[in-house]
Amino acid sequence: MSFKLASSPHTRKNNKTAFVMLTVMSACIPGILTQAYFFGFGVFIQLAICMSVALFTEYACLKWRNKPIKRSLTDNSALLTGLLLAVSIPPLAPWWIGAIGTLFAIALVKQAYGGLGQNIFNPAMAAYVLLLVSFPLSMTSWLPASSLMVIDLNFYDTLSTILTGYTSQGYSLEQLRSGIDGLTMATPLDAIKTNLLAGYTYNETLSLPIFDNGIGKGWFYVSLAYLVGGLYLLKKRIIKWQIPVSFIGTLGFLTLVTQAVNADGTGSMLLHLTSGATCFAAFFILTDPVSAATTNKGRLIYGALIGFLVFIIRQFGGYPDAVAFAVLLANMTVPLIDYYTQPKVFGHGDK
């Protein structure tokens, strides 16, 4: 009898890493298609940029480290990292935004720690935070939903904007983000935070054209599509339920209580759960088997901690979404969470 020692990710089912990664990417398809429907062809272009750079960087790092190249390149982990980062950045962000972020995620967050299974931080979220802190203007240039766009963008105009900063007709990104009234559109969470700080009430903010019946136009359906993909992963037992449920439950409970105490102090629970990266992160980011907690009790604590941190940063911090920051902070606590939540060895209980 022989025992095989291997680093995480560990799964009970005998699934190969490549199959797990491919299944996760497949589950993202409904969300990606919905995101592209509301926010344009830029989603597909960013995917092509980030996933290509991810493969090239993985290859270069493996060759430099004299590690087996074919096995690591075909495990689909680099492709998944590129995908997760690509759908997190604005569709019309300059091409070098995705390239720099992916290079950082693969080379410094993943390979510098030893490769798949050794990294302590989620590579996509670490790269997102780097980009957000370094290039805040480019990383907050989200377009409004297609129904609010004054200037229609075809594929060629989208590609031209990403590569040069201007469409073929000479429109800049700032002009593309402007509505009929000439005001620059913002994401729902950003609009709420900005307007509340400016003295507007929550109900006054909901009158902006980016909202529809109290929820963000386009964002609700994108979140719903990622929710469908997440439920598929749960059904296939690729991920466990503890992290998504504790994360969504904690964030939903805190926003519900806050709104009950002060209705004009924050957005509604539904708005917080269906805006930004909430649903996407719950099933595709937080459940990363390498950087997340590994025990069942630990997963509940880990998800709840991120939900609490997201609420605190959204409510009192300077960033409207906050998921990436919360994930990285929680990643640092994983060893401690796993240490205190590991089950007792059979036969060694308390006496």
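## Aromatic pairs

Two rings of Phe, Tyr or Trp (its six-membered ring) form an aromatic pair if their centres lie within 6.5 Å. In this predicted model, a search of the whole structure finds 13 such pairs.

One of them joins Y226 and F284, with 5.9 Å from centre to centre and 70° between the planes. Planes over 60 degrees apart count as edge-to-face, and the Y226 and F284 pair is therefore edge-to-face. The pair links distant parts of the chain: Y226 lies in helix α13 (residues 219-235) and F284 in helix α16 (residues 278-284), 58 residues apart.

## Buried and exposed rings

Are Y226 and F284 buried or exposed? A residue counts as buried under 20% relative accessible area. Y226 has 3%, so Y226 is buried. F284 has 5%, so F284 is buried too.

Another pair is made by Y339 and Y340. Their ring centres are 4.9 Å apart and their planes stand at 90°, so this pair is also edge-to-face. Both Y339 and Y340 are exposed.

There is also an aromatic cluster, formed by Y37, F38, F220 and Y221.

L143 sits in the loop between α8 (136-139) and α9 (155-164). Its relative accessibility is 6%, so L143 counts as buried.

Which residues does L143 touch, not counting residues up to four places away in sequence? They are F39, L92, M149, L153, L173, L176 and R177. The C-alpha atoms of L143 and E174 are 9.3 Å apart in space, while the two residues are 31 residues apart in sequence.

How values were computed:
Residues numbered from 1 in each chain as written. Predicted model: local features only at pLDDT ≥ 70, side-chain atom pairs only at ≥ 80, totals over all residues. Heavy atoms only, no water. Helix = DSSP H or I, 4+ residues; strand = E, 2+ residues; numbered from the N terminus. Buried < 20%, exposed > 50% of the residue type's maximum accessible area, 1.4 Å probe, protein only. Contact = heavy atoms within 4.5 Å. Phe/Tyr/Trp six-rings, centres within 6.5 Å; stacked < 30°, edge-to-face > 60°.
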